[in-house]
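Take a moment with the sequence and the model. We will walk through them step by step.

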Amino acid sequence: MSHRCHIRPLPLALAMLMTASLAQAHTTLETPAMSEGVRVLNNEQIGHACGAGTSVIGTSVVFPDGKDSTLLVNGAPYNGTLSDFISNWGPNIQPLLNHAVFNYIDEKNDANGNVVGFQAGGGAGMPDHMVAYVPFRVNATNFNPASCATSVKFHVSIVDICKITDGTHIHDAGVANFWTSNTLSTNYDSSSASEDAASLTINRNLAANPLPASCGGVGTSVDVRNSALQLNRDMPIRINGTTVWPQP
Amino acid sequence: MAAAVTPLKSFALAAALSLAVPPAVLAHSASATMDPAGNTPTFTGLARVTCFDDGSGPPALLYAHVRDNSPPVNGLLVNLQILKGTQALSITDPVSGDANYSDALQLQGGAGVYTLILNKTATGARSFDIEYHCLTAAGDHTGTDIIVDQFK
């Protein structure tokens, strides 16, 4: 009998602990790292909403386009271009049609029609205690054979929206979660003290694409972040040319 | 202070009312109009096609052809070129406005990134379709992706 008294509260305590733990989960990518030269199915993994009683009703995801992105090589600023390291970044993503979480999903495109991100929304959305996947594909990405880079980490900016507001209120409590960098000086920056952007790392296939001799056998790591210009342009959700978030 | 909040249903309504807008580039085919204003003889489309093994087999070549859909204009034709490494091929659709594509280009460049260039011979708008596929040595379709770098 005494065992029952001690055991029964345990599942409840564990459940509460797990719930608390899940509530802290960032929005990330299901598969945060992949190899060069392969296509991978992936998911934006929404970890929670904006507090008890709220739901994520929309999400906006922006990948660095590599045109005016900020680059670091081994942590130091780099003034060259992404093509010094990657030979085919478009960005190489494609959202996949799926209405499991949101009624609507579509690409974000640059002026040439390349996909720079995606946006989804509509429907009941995702309650705070749940986790949701928004699917997309990462196309095959190749390293520049002449570079010394062995990994390139793309910092992916994501905003999960719980209430639609104008731009002056998007950081109000219970309105949205910002899984973004905190150093870009945009209205979409995370207010956290830490880097909150999701990440996608492409690792060089050293068997198929070995480092050139000039690297001396030493590889470098590259970090790629959105420019402020790109984030301000691509983060808003526009449908048929009309901005629906943030509201004008 | 209360936030300026729009009811959740507004997002759903906006989404429901949205119409699908075809992207400029679809899977392994593209349709567009070069020089829509008809005043740019230098109008050029530039893209990179990545051939990779998607499980169907290692790529051996990039296959591509083009079709000029605009009415015939004397001296105004559409050209397609493929480049990779030290190899290049080009082709012209010799008859504008018919149902036929140009002859197909097949550049044997293996896996990797191919450059694809589309241009025309004179000033004038040209509506076109292009198809491109990475193929294995056995002729099976394998991994094919495209990035458009320029269309102006």
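This is a predicted model: local features need pLDDT of at least 70, side-chain atom pairs count only at pLDDT 80 or more; totals for chains, interfaces and linings use all residues.

Residues are numbered from 1 along each chain as its sequence is written, and chains are lettered from A and ligands numbered from 1 in the order in which they are written.

Begin with chain A. Its C-alpha trace spans about 70 × 55 × 35 Å along the principal axes. Chain A has three helices and 16 strands. Helices (H or I, at least four residues) and strands (E, at least two) are DSSP runs, numbered from the N terminus. Of the 248 residues in chain A, 45% are buried. A residue is buried if 20 or more other C-beta atoms lie within 10 Å of its own, exposed if 12 or fewer, and partly exposed in between; C-beta atoms are placed from the backbone.

Now move to chain B. Strand 3 of chain B covers residues 44–52. Which strands does it pair with? One is strand 8 (residues 112–120), antiparallel, over eight bridges. There, T44(B) stands opposite N119(B). Another is strand 10 (residues 141–151), also antiparallel, over eight bridges. In strand 10 of chain B, I147(B) is the bridge partner of R48(B). Two strands pair if DSSP finds at least two bridges between them.

Last, find V95(B). This residue sits in the loop between strand 6 (87–93) and strand 7 (105–107) of chain B. V95(B) counts as partly exposed because it has 13 C-beta neighbours inside 10 Å. The C-alpha atoms of V95(B) and K152(B) are 23 Å apart, and the two residues are 57 apart along the chain.
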